[in-house]
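Please look at the sequence and the structure below before reading on. The paragraphs after them go through the structure part by part.

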Amino acid sequence: MTGPVLLTGGRLVDGTGRPPLDEAAVLVEGGLITWTGPRVHAPKADTTIDVAGGTILPGFFDCHTHLTMRPGEGSAIDRMTAPQSLRVLQSVPNLRDTLYAGVTSVRDLSGADLGTKLAVERGLVEGPRVQAAIRILSITGGHGDWRSANGVDLTGGSGGGVVADGPAEFVRATRAVLQEGADCVKIAASGGMSSPRGEPGHGGLTFDEIKAVVSEAERHGNVPVAAHAQAGSGIHDAVVAGVRSIEHGYLVDDRTIEEMLTRGTFLVPTLSTLTREPEPDTAPWVLDKRRRWTAAAHERLAAAFAAGVPVALGTDAGLVPHGSNLRELALLVEFGLSPMAAIVAGTANAARLCGVADELGTIEPGKRADLVVADGDPLTGIGLLSDPDHVVLVVKDGRIAKDTRRPTA
């Protein structure tokens with residue numbers, strides 16, 4: 001789009017949580033939003049795009065993705081032993097599908113490297129802007145330790161785990177991943193559903209180890225730390241040690257909820273992967289743990305939502321299909337958020353978590369022009385956004401990335 005462009009006639013849901021504005025208009029100039037308001041007061045523009053009957057929303061975030069993974073692309077061993085070049089190339093359609101679903105920004109929490117981020121920034125591939133953790137930091141035998149029982153190291157290249165033990169080793173591991181270009185640091189503060197010899201409630205990094213990571217990341221420009229923490233004391237230790245976000249948090253307890261409220265710690269509940277249908281080759285221990293944990297997770301996450309813990313949208317895409325990211329909105333509503341609160345979780349809250357709330361996350365003058373138009377009203381049917389076909393227009397930095405609107409007569 002060149003020259004001022006006006007999106008006009010749609011219902012505006014601006015991501016702030018304010019009530020929607022019917023018959024609204026949004027003016028875009030030079031990649032920025034320069035005006036919003038009622039259609040009848042809209043300034044003139046070189047180009048007018050009529051989105052009557054649709055809803056104008058901010059570009060969404062997915063704060064927990066794995067861009068180099070995709071369901072059905074072979075076994076875990078196939079993925080871990082694949083050449084790094086193949087892993088990178090596999091991310092190209094994943095990036096495109098994510099963008100076309102209406103997600104214009106993602107955090108990749110192990111898998112994508114700095115090159116993926118730069119390729120998108122330089123226009124070499126289509127996709128959302130990327131913040132990358134690159135690797136997960138784990139204790140020996142923890143959730144990110146991918147060495148087999150017989151000693152075979154399946155860590156692989158970029159995106160593999162970093163195994164350390166003790167605060168001093170974790171300081172070194174933090175420095176190493178930051179040197180690789182990480183925008184955030186991911187740690188394994190508990191076990192996980194996919195760990196063959198561990199439970200989600202088993203221990204990960206100790207409090208002192210987490211604190212060492214957080215302190216070192218702060219020394220390098222206040223880089224945020226994201227903690228994989230599904231259950232047990234690891235969730236509480238991570239919050240008290242100062243991580244920015246709890247990833248999953250399935251069995252968060254009341255004491256930890258209070259700490260999260262006090263500290264403003266974000267919860268990224270990844271309901272899409274918690275509730276997903278198992279693939280035919282899903283390991284039996286994964287199926288067993290999911291059966292045992294899902295009901296309790298529903299109860300505890302609903303309690304966190306009801307208490308007002310800040311929630312940011314994340315899916316674990318890669319374990320679930322890229323392009324289905326906004327199915328998470330309907331799940332957030334199912335677990336207790338209002339449709340408006342779910343949209344805020346995927347926009348303004350997610351932008352705050354990612355440290356870009358001054359640029360993205362809401363439709364306000366001065367923000368970057370990341371916009372999505374849906375062909376209905378997600379406030380009355382949040383499941384609408386689960387299907388990318390209902391996302392008929394995607395604008396990123398003022399440029400149209402996707403436009404499937406039916407032409408008007």
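Predicted model: local features only at pLDDT ≥ 70, side-chain atom pairs only at ≥ 80, totals over all residues.

The crossing of α4 past α5 is right-handed. On the α4 side, the residues in contact are Pro-167, Phe-170, Val-171, Thr-174, Arg-175 and Leu-178. They meet Asp-208, Glu-209, Ala-212, Val-213, Glu-216, Ala-217 and Arg-219 of α5. By type, the residues of this contact between α4 and α5 divide into 7 nonpolar, 1 polar and 5 charged. An α-helix has 3.6 residues a turn, so residues three or four places apart point the same way.

In α6, the residues Gly-234, Ile-235, His-236, Ala-238, Val-239 and Ala-241 are buried. The cover over these buried residues includes α5, the strands β13 (225-229) and β14 (245-248), and helix α7 (254-263). Just after α6 comes Gly-242, which takes a positive phi of about 105 degrees.

Next, consider a charged residue. Is Arg-107 buried or exposed? Arg-107 sits in strand β8 (residues 103-108), and it counts as buried because its relative accessibility is 3%, where buried means under 20%. Its side chain is joined to that of Glu-247 by a polar contact of 2.7 Å. Leaving aside neighbours within four places in sequence, Arg-107 is in contact with residues from several parts of the sequence, among them Asp-62, His-64, Gln-131, Cys-184, Ser-245, Val-268 and Cys-354.

A glycine in a loop gives another case. Gly-323 lies in the loop between α9 (284-307) and α10 (327-334). At 10% relative accessibility, Gly-323 is also under the 20% limit and therefore counts as buried. Gly-323 and Asp-97 are 226 residues apart in sequence, yet their C-alpha atoms are 4.6 Å apart in space. Not counting residues up to four places away in sequence, Gly-323 touches Asp-97, Thr-98, Ala-101 and Pro-388.

Finally, the protein as a whole. It has 12 helices and 18 strands. Of its 409 residues, 55% are buried. Among contacts between residues at least 6 apart in sequence, 69% join residues at least 24 apart. The accessible surface comes to about 16100 Å², and 53% of that surface belongs to carbon and sulfur atoms.

Technical notes
Residues numbered from 1 in each chain as written. Heavy atoms only, no water. Left-handed = near helix turned anticlockwise from the far one by under 90°. Helix = DSSP H or I, 4+ residues; strand = E, 2+ residues; numbered from the N terminus. Contact = heavy atoms within 4.5 Å. Nonpolar A, V, L, I, M, F, W, Y, C, P; charged D, E, K, R; others polar. Buried < 20%, exposed > 50% of the residue type's maximum accessible area, 1.4 Å probe, protein only. Polar contact = N/O pair within 3.5 Å; in protein donor to acceptor, adjacent residues only side chain to side chain. Areas by Shrake-Rupley, 256 points an atom, 1.4 Å probe, with all protein chains shown as cover.
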